Amino acid sequence: MSQPSTTLGYALFATRWLQAPLYFGLVAAQGVYVYKFFNELWNLILRCVTGQANETYVMLAVLKLVDVVMIANLLIMVIVGGYETFVSRIGLQGHRDQPEWLSHVNSNVLKVKLATAIVGISSVHLLQMFVDVHHTSQHALLWGTVIHMAFIASAAILAYMSGPMAEHGDRSHKGHGHASAHGQDGAGGGYSVSTSVPAEFSASAAAVRAPVPVPIPAQSTGSYLPSSESYDSYDPYETGAETRIRAARFPSRKQLEEFDEDHPRDFDREVLARLGKLDFVASRRNVVFVGPPGTGKTHLAVGLGVRACQAGHQVLFATAAQWAARLTEARVAGRLAEELAALDAHPLLIVDEVGYTRFDADTAHLFFQLVAHRYERSSLIVTGDRPLGRWDEIFGGAAPAMVDRLAHHAEIVRLEGDSYRMRRATSAWAE
């Protein structure tokens with residue numbers, strides 16, 4: 001694209017800020033409704049205290065208060081959701097009060113939510129008419145009912161249309177984004193080894209001169225996430241957190257609360273509690289889990305990843321071999337810089353099973369570029385079977401510079417103990 005065209009496009013895009021005063025105007029309107037609410041409430045209290053309020057009056061007054069609150073809810077949805085969608089990101093990721101609907105709001109979802117809110121407000125108005133039916137004409141009741149049914153019909157049509165629209169938008173996004181996974185590594189449970197690599201970490205795995213990685217046993221058993229087919233046909237109405245969890249490609253779904261803290265012989269539980277707050281993601285720090293197989297490193301990494309998804313962060317999980325395949329493919333295609341930049345959309349990347357495969361110099365340099373690119377910009381969670389001081393056994397000469405950047409802002413968590421699954425297998429055999 002030519003420079004004049006780019007400049008013109010940026011200038012047109014910058015005009016979105018003209019909408020900002022409109023949203024601040026709605027904030028002022030919100031203040032008006034706050035005044036109206038307390039004015040109505042004060043009048044209701046006065047009339048109840050002085051004995052001037054009958055049951056019908058109280059019911060109508062309460063419905064007015066409900067009406068004001070529902071309109072205020074509609075306003076805040078338009079203010080926050082509309083500003084986030086059409087003007088600029090607000091940056092509430094990780095905020096404890098982040099509204100759940102904001103994590104997956106877009107213009108299509110916003111229209112459906114507004115339509116349903118309008119139906120709710122119309123229902124309150126219609127109920128007010130029926131409560132005060134003796135002072136409401138039949139003409140007003142008829143048209144109030146007709147208008148309410150029209151709102152319901154339009155909301156139903158809009159909701160029906162939003163399904164295909166959302167699905168089409170997601171398919172278009174997937175057409176330009178990462179491909180679906182074709183296999184899993186087994187890091188979440190069992191000892192079976194899959195030699196397939198997900199398409200997004202795809203076919204140039206053969207270019208990585210390394211044996212098939214050995215899966216890391218997780219801390220406890222758990223059901224696998226849906227297969228790649230269900231990734232392509234997910235429910236467009238599921239929550240944003242669930243969508244992010246699916247997109248993260250976790251080998252299994254683990255929760256931090258499920259982790260058996262009594263199993264590792266050497267484990268700092270206070271560190272886990274601190275990491276569970278996800279402050280390391282907001283401060284762009286790293287986490288490194290080090291320990292022998294079966295001590296729960298993958299479980300903890302996935303648990304933190306799931307919690308990050310629930311907090312509104314985009315996360316991507318893969319084994320070290322899969323990351324090597326993905327970066328190698330990008331380098332061969334001459335788009336390594338673009339690939340690293342695209343990964344910036346994920347505040348948290350998880351690199352699992354470091355140490356089970358020794359990489360050649362070229363692949364080790366790719367890992368160095370990944371770590372260096374994200375240094376003080378985004379977070380990494382890395383799991384491995386050996387301390388950082390022995391990473392030269394895995395990455396050769398690239399290890400010192402890589403470790404220097406990875407460990408500079410990192411929480412190093414050491415886990416010691418026997419394999420959790422081996423212990424369970426031995427116990428089952430004994431029985």
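The accessible surface of the protein chain comes to about 22300 Å², and carbon and sulfur atoms account for 61% of that area. Keep in mind as you look around that this is a predicted model. The chain has 431 residues, of which 43% are buried, and its secondary structure consists of 16 helices and five strands.

**Helices H2 and H3**

- Helix H2 covers residues 20-49 and helix H3 covers residues 55-86; their axes come within 10 Å and cross at roughly 165°.
- Because an angle over 145 degrees counts as roughly antiparallel, H2 is roughly antiparallel to H3.
- The two helices, H2 and H3, meet in a left-handed crossing.
- Sorted by class, the contact of H2 with H3 has 25 nonpolar residues, together with three polar and four charged ones.

**Helices H13 and H15**

- H13 passes H15 in a left-handed crossing.
- If you want to display this contact, select Ala364, Phe367, Phe368, Val371 and Ala372 on H13, and Ala401, Met402, Arg405 and Leu406 on H15.
- By class, the contact of H13 with H15 has eight nonpolar residues and one charged residue, with no polar ones.

**Two residues with positive phi**

- Arginine 249 is not a glycine, yet its phi is positive, at about 65°.
- To find arginine 249, look in the loop between helix H7 (240-247) and helix H8 (269-275).
- Is arginine 249 buried or exposed? Its relative accessibility is 11%, and since buried means under 20%, arginine 249 counts as buried.
- Leucine 278, also a residue other than glycine, has a positive phi near 65°.
- Leucine 278 sits in the loop between H8 and helix H9 (279-282).
- With a relative accessibility of 8%, leucine 278 counts as buried, because that value is under the 20% cut-off.

Note on methods
Residues are numbered from 1 along each chain as its sequence is written. This is a predicted model: local features need pLDDT of at least 70, side-chain atom pairs count only at pLDDT 80 or more; totals for chains, interfaces and linings use all residues. Side-chain values use heavy atoms; hydrogens and water are left out. A crossing is left-handed if the near helix is turned anticlockwise from the far one by less than a right angle, and right-handed if clockwise. Helices (H or I, at least four residues) and strands (E, at least two) are DSSP runs, numbered from the N terminus. Contact means heavy atoms within 4.5 Å. Ala, Val, Leu, Ile, Met, Phe, Trp, Tyr, Cys and Pro count as nonpolar, Asp, Glu, Lys and Arg as charged, and the others, Gly among them, as polar. Buried means under 20% relative accessible area, exposed over 50%, partly exposed in between (1.4 Å probe, protein chains only). Accessible areas come from the Shrake-Rupley method with a 1.4 Å probe; for residues, only the protein chains shown count as cover. Axes are lines fitted to C-alpha atoms, for helices over the stretch in contact, and angles run from 0 to 180 degrees between N-to-C directions. Angles under 35 degrees count as roughly parallel, over 145 as roughly antiparallel, 65 to 115 as roughly perpendicular and the rest as oblique.
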